Amino acid sequence: MKRLNKIYTILIFLFLYAPMVVLIVASFNTGKDITHFEGFTLRQYGELFRDSKLLPLLMNSLKIALASSLIATVMGTAAAIGIYRMKPKMRAAILTVTNIPMTNPDIVTGVSLSLLFVFLGALFKINGVLSMWTLLIAHITFNLPYVILNVMPKLSQMDPSLEEAAMDLGCTPFQAFYKVTLHEIMPGVISGGIMAFTMSLDDFVISYFVYGPNFVTLPVEIYNYTKKPLQPKIYALFTLLFAVILLLMMLMNLFQARGEKKKQLSRSH
């Protein structure tokens, strides 16, 4: 049975990561046919960094990802603290509503947000309502649940008497929050921010329905490239994005592991 489980696990990992291996190998191939590796080259990466169209779009994606993740982290942390302090029944109800954007199909979320923005634009007589701002609002909206999901467990693990003890020792409520609560939940806040950044960076479906013609993100533009044979430099771009997201996921796991280790050490003392 153990051997069967190992074989099953290996097959799952092959299924998940074989496409990425093919993509990475293709980004270093001198030829254009991905079925034949003709030789090793870095030319595709050079062409990518000389591209005057893709790099500005990548910067647009990074700007939206960074702004939306920062705003969602602040709002999500505040929301998580508020939800945690609710009564159990109310907390469960609010968490159920909060998790809907994660379970809702992206295309439904994208279309509904697009209709909302168009409706508000018509209501307030705003021409060309879809823009960078609608894109930013949409990304904040679907990022919030991921931040809350990461912060809530840290709040549950925290000893509630710590904040009370800080106020008994002379701290104001804000000082107690900043010096005690925020310090205790920081691994969850950082993990939520990193997850929000990665979700925003590679989002296509929701972005496709809410972006404006004056501000296009990289995933939306890449969709247009798929309608014709892909240029090899696109393989290089995909490889770099995969590397960045992999690095961020490793950092997120590292912060979570450090948080757990500190928690165990504090309990042992």
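Why does helix H11 (residues 218-225) count as largely enclosed by the rest of the structure? Select H11 and have a look: 6 of its 8 residues are buried, so the helix is largely enclosed. Buried here means under 20% relative accessible area, with exposed over 50% and partly exposed in between (1.4 Å probe, protein chains only). Helices are DSSP runs of H or I with at least four residues, and strands are E runs of at least two, numbered from the N terminus. Colour Leu218, Pro219, Val220, Glu221, Ile222 and Tyr225 to see the buried ones.

A quick note before moving on: this is a predicted model, where local features need pLDDT of at least 70, side-chain atom pairs count only at pLDDT 80 or more, and totals for chains, interfaces and linings use all residues. Residues are numbered from 1 along each chain as its sequence is written, and side-chain values use heavy atoms, leaving out hydrogens and water.

Next stop, the largest nonpolar core, with 25 residues. That term means a set of buried Ala, Val, Leu, Ile, Met, Phe, Trp, Tyr and Cys residues joined through side-chain atoms within 4.5 Å. Helix H7 (132-157) is among the helices that each supply at least two residues, and H7 gives the most, with 11.

Now click Leu155. Beyond its neighbours within four places in sequence, Leu155 is in contact (heavy atoms within 4.5 Å) with Ala80, Ile81, Tyr84, Thr181 and Ile185.

Last, pick Gly110 in helix H6. Gly110 counts as buried, because its relative accessibility is 0%. Not counting residues up to four places away in sequence, Gly110 touches Ile206, Phe209 and Val210.
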